[in-house]
Amino acid sequence: VARFSERNSATGRWGEGSMVQTGEENSGVRFNKFPFLSEASGLWHSQSYPEMRLAEVYYSLAEIYFREGNVAKAAELMDYVRIRNYEPEDWAAHSYSQGGITLTEQEFIDDWGREFLGECKRRTFLIRWGRFGQAWWNKEADTIDRSIFPMPRRALDANPLLEQKAPGFER
């Protein structure tokens with residue numbers, strides 16, 4: 001466990017150039033997939049966060065082909081994105097279109113999860129595939145459907161025609 005809790009006196013940023021110390025306040029994973037913007041840009045000095053990447057376009061199109069039953073075309077589109085992760089001599093063993101890995105529904109869902117790790121797309125994707133709330137790793141299946149967010153009490157009180165659809169949050 002590492003803790004970056006000291007402020008750099010030169011830059012004023014936390015954790016930058018500071019010593020790593022043992023501590024429990026930061027147990028877990030901090031995801032840093034996208035670079036920080038430069039301070040000269042005059043923009044928000046935090047991480048830039050893309051709404052959509054080209055990889056998502058390829059994967060979305062691949063999903064369309066996969067659901068149509070054209071697994072070969074889906075595999076080809078996913079490989080356009082995945083090839084960057086492997087050395088040329090190792091690629092054939094990791095390719096969907098070259099027969100290294102068979103593209104099944106479960107593999108498709110797993111690959112979406114790997115490619116878009118930390119981009120807040122997993123919940124939507126699992127709902128779209130009818131997998132949200134199922135058991136995985138050490139999590140048991142949900143007994144309540146949590147795929148619908150509850151409406152705020154203020155909105156329900158302001159309009160008596162609104163109806164709460166989320167289970168467990170009825171009036």
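Predicted model: local features only at pLDDT ≥ 70, side-chain atom pairs only at ≥ 80, totals over all residues.
**Entry 1: M78 and the core**

Skipping neighbours within four places in sequence, I found M78 in contact with Y59, A62, Y96, L103, F108 and D111. Then I asked which residues have the most contacts inside the largest nonpolar core. They are M78, L103 and F108, and that core has 18 residues. I noted that α1, α2 (71-82), α4 and α5 are the elements giving two or more residues to it. The biggest giver is α2, with five residues. A reminder to myself: nonpolar side chains tend to be buried together in soluble globular proteins.

**Entry 2: helix α2**

Next I looked at α2 by itself. Its buried residues are A74, A75, L77, M78, D79, V81 and R82. What covers them? I found that the cover includes α1, α3 (91-94) and α4. I also checked the length of α2: at 1.5 Å a residue, its 12 residues should span 16 Å, and the end C-alpha atoms are 16 Å apart, so the two agree.

**Entry 3**

Buried means under 20% relative accessible area. D79 and R82 are three residues apart in helix α2, which means about one helical turn between them. I jotted down the general point that an α-helix has 3.6 residues a turn, so residues three or four places apart point the same way. D111 was already in my notes as a contact of M78.

**Entry 4: salt bridges across the sequence**

How many salt bridges are there? I got a count of 15. One of them joins the side chains of K121 and E56, at 3.0 Å from N to O. K121 lies in the loop between α4 and α5 and E56 in helix α1, so this pair ties together parts 65 residues apart in sequence. Are K121 and E56 buried or exposed? Both are buried.

R128 is partly exposed, at 40% relative accessible area, whereas E63 is buried, at 6%.

**Entry 5: out on the surface**

M52, L54 and V57 form a nonpolar patch on the surface, with about 300 Å² of accessible area together. M52 lies in the segment before α1 (54-68). Its relative accessibility is 51%, so M52 counts as exposed.

I also stopped at C120, in the loop between α4 (105-115) and α5 (122-128). C120 is exposed, at 73% relative accessibility. Its phi is near 60 degrees, a positive value in a residue other than glycine. Most residues other than glycine have a negative phi.

**Entry 6: the whole chain**

Last, I zoomed out. The chain has six helices and zero strands. Buried residues make up 24% of its 171 residues. The accessible surface comes to about 12300 Å², and 56% of that belongs to carbon and sulfur atoms. Of the contacts between residues at least 6 apart in sequence, 30% join residues at least 24 apart.

Technical notes
Residues numbered from 1 in each chain as written. Heavy atoms only, no water. Helix = DSSP H or I, 4+ residues; strand = E, 2+ residues; numbered from the N terminus. Buried < 20%, exposed > 50% of the residue type's maximum accessible area, 1.4 Å probe, protein only. Patch = residues over 30% accessible without salt bridge, like charges linked within 9 Å, V, L, I, M, F, W, Y side chains within 5 Å. Areas by Shrake-Rupley, 256 points an atom, 1.4 Å probe, with all protein chains shown as cover. Salt bridge = Lys/Arg side-chain N within 4 Å of Asp/Glu carboxyl O. Core = buried A, V, L, I, M, F, W, Y, C linked by side-chain atoms within 4.5 Å. Contact = heavy atoms within 4.5 Å. Expected span 1.5 Å × (residues − 1).
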